[in-house]
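Please keep the structure in view while you read.

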Amino acid sequence: AQSVTQLDSHVSVSEGTPVLLRCNYSSSYSPSLFWYVQHPNKGLQLLLKYTSAATLVKGINGFEAEFKKSETSFHLTKPSAHMSDAAEYFCVVSHLGLDGNKLVFGAGTILRVKS
Amino acid sequence: DGGITQSPKYLFRKEGQNVTLSCEQNLNHDAMYWYRQDPGQGLRLIYYSQIVNDFQKGDIAEGYSVSREKKESFPLTVTSAQKNPTAFYLCASSRTSGTYNNEQFFGPGTRLTVL
């Protein structure tokens, strides 16, 4: 079975400093992994996805994530936080079964950016 | 301008009433999904549909019903049997559900409050 653990429910950084949001996954096969962002009372927007190509994945708004199979991790990083990055972030693993493709979501990490 | 629309944005319901949430997409996607979001719990799958006139239960289908009469529409009915319906509801779609690396595209959500 597939599962996702986001290691921090809340992360607080100062504007201009690096961002690290941690994610560990469990999957019985080579997974597809995603990071989504959600601003308050909005839908989810895809930041980036890993699909067994390059292990370092670049996404929108300067975010990137590195797939590390040996550590079963897919941490999200950004070199310099901006105020507009304040949102909730979800790490997601894809599960493909006989009844189609489903996503398994982590519980989310709320990112706060201080000025 | 392609995308997913959900209506209404806010919905209030009295106990014992059924309500229907609308979800429409013009992305020509085959698969559509309904999720429920509660604070600190990520997203949980209610129902999904891989093709017109077919749908499957997700992890928390009790107290909900859906239909898929048209490719672009996937309405969700929250029935009086749902014991705790107050939540944020998100609709999503993807090209197909048969490929594990297809990302899902999300609508802006409907916030349902039971009075």
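Between chain B and chain A the count is 1 salt bridge, and the model in which it is found is a predicted one. The two partners are Glu103(B) and Lys49(A), whose closest N and O atoms are 2.6 Å apart.

On the side of chain B that touches chain A, the elements that give two or more residues are strand 4 (31–37), strand 5 (43–51) and strand 9 (87–94) of chain B. Strand 5 of chain B gives the most to this side, with 4 residues. Sorted by class, the side of chain B that touches chain A has 10 nonpolar, 12 polar and 3 charged residues. The contact as a whole takes 25 residues from chain B and 27 residues from chain A, and together the chains bury about 2000 Å², 50% of it on carbon and sulfur atoms.

Which residue of chain B is in contact with Glu88(A)? Leaving aside neighbours within four places in sequence, Glu88(A) is in contact with Gln37(B), and its partners in chain A include Tyr36(A), Gln38(A) and Ile110(A). Glu88(A) has its place in strand 10 (residues 87–97) of chain A, and Glu88(A) counts as buried because its relative accessibility is 18%, which is under the cut-off of 20%.

Over all chains, the count comes to 7 salt bridges. Side chains of opposite charge can pair when their charged atoms come close.

| Salt bridge | N to O distance |
|---|---|
| Asp8(A) and Arg22(A) | 3.0 Å |
| Asp85(A) and Lys78(A) | 2.8 Å |
| Asp38(B) and Arg36(B) | 2.7 Å |

In the pair of Asp8(A) and Arg22(A), Asp8(A) lies in the loop between strand 1 (3–6) and strand 2 (10–14) of chain A and Arg22(A) in the loop between strand 3 (19–21) and strand 4 (23–26), so the pair ties together parts that are 14 residues apart in sequence. Arg22(A) counts as partly exposed, at 32% relative accessibility, whereas Asp85(A) and Lys78(A) are both buried.

In chain B, Asp38(B) is buried with a relative accessible area of 10%, and Arg36(B) is buried at 5% relative accessibility.

Methods: Residues are numbered from 1 along each chain as its sequence is written. Chains are lettered from A and ligands numbered from 1 in the order in which they are written. This is a predicted model: local features need pLDDT of at least 70, side-chain atom pairs count only at pLDDT 80 or more; totals for chains, interfaces and linings use all residues. Side-chain values use heavy atoms; hydrogens and water are left out. Contact means heavy atoms within 4.5 Å. Buried area is the accessible area (1.4 Å probe) that two parts lose on being put together, summed over both. A salt bridge is a side-chain nitrogen of Lys or Arg within 4 Å of a carboxyl oxygen of Asp or Glu. Ala, Val, Leu, Ile, Met, Phe, Trp, Tyr, Cys and Pro count as nonpolar, Asp, Glu, Lys and Arg as charged, and the others, Gly among them, as polar. Buried means under 20% relative accessible area, exposed over 50%, partly exposed in between (1.4 Å probe, protein chains only).
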